[in-house]
Amino acid sequence: MSAEPRPPHFIEQIVAGDNESRAWGVWSRADAGPLDDPGAKGDAARARLGRPRVHTRFPPEPNGYLHIGHAKSICLNFGLARENGGKFNLRFDDTNPAKEEQEFVDSITRDVRWLGADFEGPYGGGLHFASNYFGTMYGYAVELIKKGRAYVCELSAEEVSKRRGTPTVPGTSPFRDRPAPDSLRLIDEMRRGLHADGSMTVRARIDLASPNFNLRDPVLYRILHEHHHNTGGEWCIYPMYDWAHGLEDSIEGITHSNCTLEFENHRPLYDWFIDAINEGRTEDGSGPWGPRIHHPRQIEFAKLQLSSILLSKRNLRRMVEEGFVAGWDDPRMPTLSAFRRRGFTPESIRALCDDVGCTKFESLIDLARLENACRDHLNKVAPRAMAVLNPLRVTIENWPEGRVEHLNFVVNPEDPGAGTRTVPFSRTIYIERDDFMEHPEKGFFRLAPGAEVRLRWAYFLTCTGVEKDASGAITGLRATIDPATRGGDAPVGPDGKPTRKVKGTIHWVSCDHALPAEVRLYDRLFTTEEPGKATGKWEDDINPLALQVVRAFVDPALAGARYRPASENGADVGDRYQFERLGYFCVDPDSGAGFGGRGTAGLVLNRTVTLKDSRPKAQRP
RNA sequence: UGGGGAUUGGUGUAACGGUAGCACAGCUGACUCUGGAUCAGCUAGUCAAGGUUCGAAUCCUUGAUCCCCAGCCA
């Protein structure tokens with residue numbers, strides 16, 4: 001998008017500074033990667049040797065689908081690893097068995113791959129699960145109890161809440177002075193399943209008077225007798241996010257723990273945990289506690305917010321569960337699965353994330369920028385075709401019945417390598433109803449009675465008559481073509497210059513050859529920039545026109561269009577086209593089997609985004 | 001009413017004591033077999049008030065506005 005590379009943002013600057021000072025050391029033979037690998041992974045591993053360590057991660061909880069907001073974090077973290085020759089981990093933060101499901105692990109894995117953050121490629125540090133570290137974390141908790149830094153508390157959730165205090169009044173717990181041996185016995189009993197859910201917790205002993213509530217003796221473990229998607233029935237106590245998260249980064253050797261702004265208040269807690277664990281530990285591992293553990297640097301940035309879009313998991317879940325949309329991948333949703341189904345490319349999403357930069361300012365990005373990024377990319381790569389969404393039949397009176405010509409059609413003017421194909425032309429064609437005005441208004445330069453336009457790649461056409469039904473509605477047009485304009489070029493005079501010009505060019509399809517298709521015209525789900533802001537209920541701002549379905553006639557070349565499983569970074573994607581003058585469209589999986597889809601019908605197409613409309617604002621529909 | 005953050009054109013983003021720049025949007029015009037694309041130009045900004053300084057978006061003071069925090073969620 002940008003002509004010049006964007007200047008480095010603040011996190012990139014921090015990383016560059018850390019590289020300069022070797023703040024995180026350098027990659028060694030032990031952690032650089034598979035040096036013997038003959039492919040790209042080996043190349044990256046060998047290049048990594050001796051370079052400053054940069055190791056990032058994307059740590060989603062598998063409790064929902066990834067949305068466009070996550071894309072920013074994925075691009076940031078993967079980009080940092082790639083640009084610095086480092087590594088990027090995909091890690092599931094699966095510390096709450098009650099909320100997490102395999103379906104979400106699968107969708108997230110697929111979506112991260114689709115975006116291009118290849119966590120198993122040359123810059124990949126692999127796929128990880130926080131739940132694999134439960135044993136290590138438990139050991140750290142026991143260590144903290146032994147050090148007098150944690151205790152078992154038997155306050156109920158309600159009592160903890162009641163005793164939390166206020167910003168100026170300290171909290172209390174009658175258990176915080178429980179002797180370490182007692183807490184040790186109790187945590188063991190908790191782990192062994194001897195206590196009921198909610199009966200007790202492990203808490204850090206920090207500061208019940210801190211104005212930062214995160215430091216008011218936060219809970220480390222709660223009892224949950226639940227089946228876990230990864231560890232099954234192995235555990236009945238589960239670590240809280242705050243306790244687990246920083247440790248996960250530490251265990252994986254993450255150098256820069258990038259997260260969103262709301263965790264700024266948690267950073268002192270994460271630092272406290274690691275410092276407390278490191279208390280008494282030594283560099284060489286001598287002494288009672290072993291070697292010091294890694295202490296990552298957390299950096300907070302503002303999450304991506306887009307206008308006319310809702311991104312909280314709670315709201316997305318409601319939209320799906322209460323039927324506002326058809327599912328997580330309904331093309332009206334802001335999930336990555338939905339954007340993919342709608343026809344957005346990973347390149348365009350990455351371009352947006354790169355374009356908006358990264359700061360601590362909570363900005364609201366105009367959704368149009370994502371749409372523009374998509375147009376930008378698709379313009380360069382999408383093959384062109386013609387389709388008529390709202391057909392008006394035109395009979396060409398000076399074209400013989402039954403005669404068919406195959407005219408040359410440029411597949412993509414932006415890409416000469418895409419070549420040409422042919423498109424059939426016959427006596428009756430469909431044109432777009434909007435491209436005709438019986439009484440043309442000022443500035444309208446398409447078809448009107450007596451007016452001449454160019455049929456794209458075909459002939460100049462002059463409207464000679466209008467057919468109407470009893471109610472006066474226009475049912476068809478009569479017209480003639482100029483045989484001397486075959487191919488769409490004006491005849492040239494003796495001076496080699498065109499003898500006449502037409503201002504308008506319209507698209508068309510031959511009635512006898514057109515392929516019928518269901519076209520789903522998508523628009524934004526909400527009519528306001530900040531849904532629900534006015535009334536407090538986003539339901540009030542739902543756009544009833546976010547989906548309109550039309551029966552269209554499309555270019556016969558679309559007979560070859562397909563929905564293709566595992567075709568784009570392993571994800572299922574439909575073929576994408578530009579329908580000239582209309583926008584970008586792609587094959588939906590609801591298409592019939594003949595088109596590679598899972599549905600029973602014929603061809604189903606989604607409108608990804610319209611073409612830009614540069615008519616003066618007053619003239620736009 | 002405690003603590004933690006933030007504030008530069010319409011929207012984003014740079015400038016790290018030394019000419020407020022870039023992108024997108026908007027508006028003109030050129031070109032065009034897509035009212036697309038492309039090309040050229042224009043419009044438009046440092047939250048406020050003081051202070052330090054030869055010089056302040058940048059440093060200091062005070063204030064304004066917005067966001068986050070009192071889950072056994074993440």
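How far is a sugar or linking oxygen of RNA strand B from an N or O atom in the side chain of Asn379? I looked this up and found 3.5 Å. I note at the start that this is a predicted model.

**Entry: contacts with the RNA**

A polar side-chain atom of Arg164 lies 2.9 Å from a sugar or linking oxygen of the RNA. With Ala157, a backbone N or O atom is 3.1 Å from a base nitrogen of RNA strand B.

I listed the residues around the RNA next. There are 63 of them, and Leu155, Arg384, Gly487, Arg581 and Ser614 come nearest. I also looked at the RNA side. Of the RNA strand B atoms that come within 4 Å of the protein, 67% belong to sugar and phosphate.

I sorted the residues of this surface by type. I got 17 nonpolar, 24 polar and 22 charged. The most come from α13, which gives 3 residues.

**Entry: domains**

I looked up how chain A is divided. Domain 1 takes 11-134 + 244-312, domain 2 takes 135-241, and domain 3 takes 385-510. I noted 75 Å between the C-alpha centres of domain 2 and domain 3.

**Entry: a sheet**

I traced an open sheet of 7 strands with mixed pairing. Its order reads β19-β16-β17-β18-β12-β15-β20.

**Entry: aromatic pairs**

I counted 22 aromatic pairs. I picked Tyr65 and Trp328, which are stacked, with 5.1 Å centre to centre and 10 degrees between the planes. Tyr65 sits in the loop between β1 and α3, and Trp328 in the loop between α10 and α11, so the pair ties together parts 263 residues apart in sequence. Are these two residues buried or exposed? Tyr65 is buried, at a relative accessible area of 10%. Trp328 is buried too, at 13%.

I turned to Trp243 and Phe273. Their planes stand at 85 degrees and their ring centres are 4.9 Å apart, so this pair is edge-to-face. Trp243 belongs to helix α8 and Phe273 to helix α9, 30 residues apart. Both residues are buried.

Last, I found a cluster: ring pairs link Phe134, Tyr138, Tyr221, Trp235 and Tyr238.

Terms used
Residues are numbered from 1 along each chain as its sequence is written. Chains are lettered from A and ligands numbered from 1 in the order in which they are written. This is a predicted model: local features need pLDDT of at least 70, side-chain atom pairs count only at pLDDT 80 or more; totals for chains, interfaces and linings use all residues. Side-chain values use heavy atoms; hydrogens and water are left out. Two strands pair if DSSP finds at least two bridges between them. Helices (H or I, at least four residues) and strands (E, at least two) are DSSP runs, numbered from the N terminus. Domain bounds come from an automatic or database domain assignment. A residue is near a molecule or strand if one of its heavy atoms lies within 4 Å of it. A polar contact is a pair of N or O atoms within 3.5 Å; within protein, one must be able to donate a hydrogen and the other to accept it, and residues adjacent in sequence count only if both atoms are side-chain atoms. Ala, Val, Leu, Ile, Met, Phe, Trp, Tyr, Cys and Pro count as nonpolar, Asp, Glu, Lys and Arg as charged, and the others, Gly among them, as polar. Rings of Phe, Tyr and Trp (its six-membered ring) pair if their centres lie within 6.5 Å; planes under 30 degrees apart count as stacked, over 60 as edge-to-face and the rest as tilted. Buried means under 20% relative accessible area, exposed over 50%, partly exposed in between (1.4 Å probe, protein chains only).
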